[in-house]
Amino acid sequence: MQSKTLVILALMVLLALPAGAQDATGKAKDKKDAPAVASATNPRVATPLPASATDDPDYEIGPGDMLNISVWKEAELSGTVPVRPDGKVSLPLLSDVPAAGTTPTKLATTIAERLRQYLTDPRVTVIVTAANSRRIYLIGEVVRPGAIPMLPNMTVLQALSTSGGFSQFANVKKMYVLRMENGKQVKIPVNYKAAISGQAPDQNIALKSGDTIVIP
């Protein structure tokens, strides 16, 4: 009779446990068998960094760019921020930090140096998640004129592929690129037919940020 009472009490204890505390055999799980949970309180779980919008290590940050600024083990100081028209970013503790005209690596160094008055050994990573400051412009007889984001190593033909094609009035023989060099506007003729045929690869001009492709 006593043994039967003990069995009943043991069953009552097991039933009182939460469902997640039992395994398939009905036995209580040990806490050490529970899966690790990714959280800010678990430093062993690494937070994946966002993808970079550019693979150029010398990329110069500009107004309109989006930057992911990560301070190791300091979630409240990390996040994605825009570069304002004045070229600065707003960060916790540091207020305004100049960003335009510098590279992500240099900006990370600057932020780390300024954080040393608050943190012992700040480790900062800066990633350009949207390169909005680098744009080129299509003007003239194309279906979709206007500004387009400049991709790494973009050429004239690649830019034109986003235009939707030429209008019936386009004069591709007189196409050209306008570029600012040393404070002056330079006109660079483009032989479209030679470029697209592959006969003159040099006519498929590599573009620079701010270039304007004109299709008269």
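**Strands, contacts and rings**

Me: Which residue in β5 stands opposite Ser70?
Reply: The model is predicted; local features require pLDDT of at least 70, side-chain atom pairs pLDDT 80 or more, while totals for chains, interfaces and linings use all residues. Residues are numbered from 1 along each chain as its sequence is written, and side-chain values use heavy atoms, without hydrogens and water. Strands (E, at least two residues) and helices (H or I, at least four) are DSSP runs numbered from the N terminus. The residue in β5 opposite Ser70 is Thr125.

Me: In what order do the three strands form the open sheet?
Reply: Two strands pair if DSSP finds at least two bridges between them. β1 (residues 66–71) and β5 are joined by six bridges in the antiparallel sense. The order in the open sheet is β2-β1-β5.

Me: Why is one side of β2 and of β5 left without a neighbour in the sheet?
Reply: Strands of a sheet pair through backbone hydrogen bonds, either parallel or antiparallel. β2 (79–82) and β5 (124–130) each have a single partner strand, so one side of each has no neighbour, because both stand at the edges.

Me: At about what angle does helix α2 run to β5?
Reply: Axes are lines fitted to C-alpha atoms, for helices over the stretch in contact, and angles run from 0 to 180 degrees between N-to-C directions. Helix α2 (residues 104–115) lies across β1 and β5. Its angle to β5 is about 135°.

Me: Is Thr103 buried or exposed?
Reply: Thr103 lies in the loop between β4 (95–98) and α2. Leaving aside neighbours within four places in sequence, Thr103 is in contact (heavy atoms within 4.5 Å) with Pro57, Asp58, Tyr59 and Ile61. Buried means under 20% relative accessible area, exposed over 50%, and partly exposed in between, with a 1.4 Å probe and protein chains only. Since its relative accessibility is 10%, Thr103 counts as buried.

Me: How far from the centre of the Tyr176 ring is the charged end of Lys187?
Reply: A charge sits over a ring if NZ of Lys or CZ of Arg is within 6 Å of the ring centre and within 35 degrees of the ring normal. The charged end of Lys187 sits over the Tyr176 ring, and its distance from the centre is 4.3 Å.

Me: What is the average pLDDT of the protein chain?
Reply: pLDDT is the predictor's confidence in each residue, from 0 to 100. It stays under 50 over residues 19–45. Where pLDDT is low, the predicted coordinates should not be read in detail. In the chain, 78% of the residues score at least 70, and the average is 82.
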